[in-house]
Amino acid sequence: MELELRGITKRFGPLVANDGISLSVAPGQVHALLGENGAGKTTLMNVLFGLTRPDQGAIHIDGKAASFRSPKDAIAAGIGMVHQHFMLVPVFTVAENVTLGIEQAGPAGLLDRRKTRAEVRELSHRYGLDVDPDALIEDLPVGIQQRVEIVKALVRQANVLILDEPTAVLTPAETEELFRIIRQLRDGGTSIIFISHKLKEVQAIADTITVLRRGKVVGQRQPPATEDDLASLMVGRDVQLRVSKEPAEPGDVVLDVAGLTVASEHGLPVNGLSFQVRAGEILGIAGVQGNGQTELCEALMGLRPAAAGAVTLNGRDLTRASPRARLRAGVAYVPEDRREDGLVGTFSVAENLILDTYNRPPFASGVNLQLPAIRANATALIDEFDVRTGSPATPAGTLSGGNQQKVILAREVGREHKVLIASQPTRGLDVGSIEFVHRRIVEQRDHGVAVVIVSSELDEIYALADRIAVMYEGRITGFRDPDVPAAELGRLMAGGADGGHALEFGPLPEMDDSAAPDSAAPDSATTAAAPETTEAPETTEAPEGPADTDATDSQEES
Amino acid sequence: MTTPPPATEPAATPPPEAEPDGQPGSHRSFGDIIRLAIQENTVTITVLALVTATVLGGLLTAFTNSAVLTAWGHFFSAPGNAVGSAWDAAFGTYWALFEGSVFNPHTVAALFQQASFSAAIHDGFLSAVFNPLSETAVQATPLILTGLAVALPYRAGLFNIGGQSQFIGGAIMAAWLGYAYNMPFFVHVVVCCVGAFVGGAALGWLAGEIKARTGAHEVIVTIMLNYVMLYFLAYLLSSHSLMEAPGGSNAITLPITSNAHLPLLAGTHLRINAGFLIALVAALAVWWLLNRTTTGFEFRSIGANTRASRVAGMNVERNWTLVMTISGGLAGLAAASVILGTDFTLNPQSYGTYGIDAITVALLGLGRPGGVVAAGLLFGALHAGSPGMQVSTGTPVQIVQVIQALIVLLVAAPPLIRAMYRLRAARAGGVSTTMSKGWNS
């Protein structure tokens, strides 16, 4: 099936979300749609899936104009969509979820479960999806849930499959699995529209890359296109993908976490975890999401009680301190979930900039808020951190993710602090904002702040960390220098013992070879893309310490 | 229904928060209204809800009126007559409401028919001119105060259904201090008001403390406390050894001494008293608290995002208790305004329906102090005007309750109004939507 979009334009009030976008997707092709947040990718796909109607332009399928009033029409035309947030009923089985909405009743009005189960099993086998039709959704890991969504689309005879930011929730290994499935689907003749803002993934999987910026198609590339090229197309200017930083000059230990244990109803999400961070260094805590990172950060901030262990800041015991006492003691905190934990969405930018200093001078005298001081503070920080906002009075919830993060960062590093704890600091941000946030974090380190970065993005860990700790099931499975190969980190992230050997855990070793066959160009392109996978693997057991942190940078430039 | 001819009428009721050019009576084009709607969605929706409720109320009055129904029976022979009689009935009802709550031209005529102006004033003719406004203010006072008692905790994310229990707590204190003690004039009334505040605040504190310590939902706690206080009041009034007045079995307290009465503001002919000033000052104080103090900053922050507030180091539980204490005190002041301002005794019905009316007032006032004052005045006017309306037009007083209910219904369902007037979807819903959801937390 040949799908073509011709001159799609969609306006929301004064905002032109899509401005005359044309693109065509050939059968059996992976067509990547690359763009920053707000570039109009999702709007375009909503148009294609019948969720919104375009103001102008048309969709053509096999040369014939099609008009979708609702997703039902789109599905009937053979378009399937896997949303970023899955549309599954957790307490239903895979088969039940797949048939939901297209149930076929037998003669007595009973559901024909056997047929669906067989169908799911058949599709699962054909595309190597490995999905058990009788498993309950809530028992399945995210990666498998996503495959259920794919099966759902396939059962509805989708010839074009839209994947909206499909890797956002996946571990590196799960991503590799997804890519394998995508290739298999493509080889079977299904067209895939792959929406992403991650350059590396797009390079690895796409046959054609269309770059959107501000609602317009700004260019089309074939996979050998370099990351720098794609990034500058996306952002509209040259972007530094990796912040340059000097080697760290660590000082005294600032934050000392010893044997920290956190209990919850599900067991011990943090289990006897210890690390130290020195002034002027960045400790990157890597790990697949859900291995206790959230609980660790909350315990460090006093939002969860520590069941055992101690947290010490510059020799002062903070284990039992309240969140406010910790903030006062000099902990700056950039939470993982910025909308829920970092900002009050209905508050203005100015108010959010004093969210944890509102009751101290100069913002308050007695119980009275000092509005002029609050305003002056907002103006200064907005300027310094380049927050793109209409005015200090704009509600923070209406800002883009990158600008929201800038507000939080501005607030946290704007007050006196000795430690900066940042959890997933660039999740969901576009390339331009990532660059900004990374630069600011390195700047903090250079000012002698002890920095802890918790991230499930290996790229981010490599870009920032002076020392890497890998977290698995509430413990740290090992400390490494930043020149450690990704495979070694992957091994530790999957629970491999410190200093041990690769485990039986399947997909990880595939990482290197799977990236290769896809790019038509010689290895030079992939070297730039993934320097850490190709560089010297002999330093697996490098000792801790301020080693050559520039190693990765210089590799990239060579 | 989208082009309401009688809609110009309700503009007669005291201006609600509509004044900034949202008032549909002032001959704006439909396009203007839409433009405004985009600019300030929640206020516009509230105003449109008021207009719609008025129109629907008018239709209802017209078509429950027997004369109108007869006229419509002859619709095909005399259609003009049918429409005219419907219009007359609706207009007459609203006009009577207006006369009863704001201004009655006949009283002015009567004033100028008097021989001497000073004698007219002395005989109460001038008072008669202002009597409707005075009554509106008197009716609005407890509505504003209890409305604030709902609006304030709402901003901190709590839904206070306990206006009734807090009102009773305040009423018991006000009445007891009022009849059992003798104090000098000014001192006594102040002591009674403070006592009423404390009585209400104690109940509010209890609800807040239970929520803070156990996490019990404040809606359930406050509703249950309403029953506790209702029966506690009945118990207090059941025995001469407690609060029942000696020498009778009327379940009523002794009248409070005159020193504890709230001072009248405009002469002895008008009931308007210092309670109204207390309500206005309270509204101002709540505004100041919310928008100009660190405490209010915490309240609003916790109300908008509890998790982020916790991360920012705020003590969420302590604030819950504090905001419920203050709002209980406000409901207690409402009781003071009733007991010390108009009733002068306490009986098992003193609490009226203020606890529930408060929710509608806060909802219509969009949870803002200024809005609560406006909404309180509007409902106060409806209450003040309805008896006269029934007398002069024969429209039952219940129609006022129907209009009130329609207003709240429409305010609580912005999508309905938006669909009716083809407005764009609001950004982020607005206060009333979230407020009408109530049960989340």
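Modeller: Chain B has 441 residues, and 52% of them count as buried. Keep in mind that this is a predicted model. Its scores are ipTM 0.77 and pTM 0.76.

Next, the build of the chain. Chain B has 19 helices and 0 strands. Now take the contacts in chain B with a separation of 6 or more. Residues 24 or more positions apart account for 76% of them.

How far can you trust the coordinates? The pLDDT of chain B averages 83. At least 70 is the score of 86% of its residues. Two stretches need care. Over residues 33-40 of chain B, pLDDT is below 50. Beyond near neighbours in sequence, that stretch has 8 contacts in the model. Residues 426-441 of chain B also stay under 50. There the model has 29 contacts beyond four places in sequence. Where pLDDT is low, predicted coordinates should not be read in detail.

Now zoom in on one helix pair. Two packed helices are described by the angle between their axes and the distance between the axes. In chain B, look at α11 (residues 274-292) and α14 (residues 316-343). They pack at about 165°, and their axes are 9 Å apart. Angles over 145 degrees count as roughly antiparallel, so α11(B) is roughly antiparallel to α14(B). The crossing of these two helices is left-handed.

Which residues of α11(B) and α14(B) make the contact? From α11(B) come G275(B), I278(B), A279(B) and A282(B). From α14(B) come L330(B), L333(B), S337(B) and G341(B). By class, this contact divides into 5 nonpolar, 3 polar and no charged residues.

Follow chain A for a helix pair of its own. Helix α5 (residues 142-155) of chain A packs with helix α6 (residues 172-187) of chain A at about 20°. Their axes are 10 Å apart. An angle under 35 degrees counts as roughly parallel, so α5(A) is roughly parallel to α6(A). α5(A) passes α6(A) in a right-handed crossing. On α5(A), the contact uses G143(A), Q146(A), R147(A) and I150(A). On α6(A), it uses E174(A), E177(A), L178(A) and I181(A). The classes are 3 nonpolar, 2 polar and 3 charged residues.

One is a cis peptide bond, from P361(A) to P362(A), with omega near 5°. P362(A) sits in the loop between α12 (349-352) and β17 (364-365) of chain A.

Then there are positive phi values. R214(A) is not a glycine, yet its phi is positive, about 50°. Its place is the loop between β9 (208-213) and β10 (216-221) of chain A. Is R214(A) buried, exposed or partly exposed? R214(A) has 15 C-beta neighbours inside 10 Å, so it counts as partly exposed. N314(A) is another residue other than glycine with a positive phi, near 50°. N314(A) lies in the loop between β14 (308-313) and β15 (316-317) of chain A. With 16 other C-beta atoms within 10 Å, N314(A) is partly exposed.

Finish in a strand. T9(A) lies in β1 (residues 3-12) of chain A. T9(A) has 16 C-beta neighbours inside 10 Å, so it counts as partly exposed. Leave aside its neighbours within four places in sequence. T9(A) then contacts N18(A), D19(A), G20(A), P54(A), D55(A), Q56(A) and G57(A). How far is T9(A) from R328(A) in space? The two are 51 Å apart, C-alpha to C-alpha, and 319 residues apart in sequence.

How values were computed: Residues are numbered from 1 along each chain as its sequence is written. Chains are lettered from A and ligands numbered from 1 in the order in which they are written. This is a predicted model: local features need pLDDT of at least 70, side-chain atom pairs count only at pLDDT 80 or more; totals for chains, interfaces and linings use all residues. Axes are lines fitted to C-alpha atoms, for helices over the stretch in contact, and angles run from 0 to 180 degrees between N-to-C directions. Helices (H or I, at least four residues) and strands (E, at least two) are DSSP runs, numbered from the N terminus. Angles under 35 degrees count as roughly parallel, over 145 as roughly antiparallel, 65 to 115 as roughly perpendicular and the rest as oblique. A crossing is left-handed if the near helix is turned anticlockwise from the far one by less than a right angle, and right-handed if clockwise. Two residues are in contact if their C-beta atoms, placed from the backbone, lie within 7 Å. Ala, Val, Leu, Ile, Met, Phe, Trp, Tyr, Cys and Pro count as nonpolar, Asp, Glu, Lys and Arg as charged, and the others, Gly among them, as polar. A residue is buried if 20 or more other C-beta atoms lie within 10 Å of its own, exposed if 12 or fewer, and partly exposed in between; C-beta atoms are placed from the backbone. pLDDT is the predictor's confidence in each residue, from 0 to 100.
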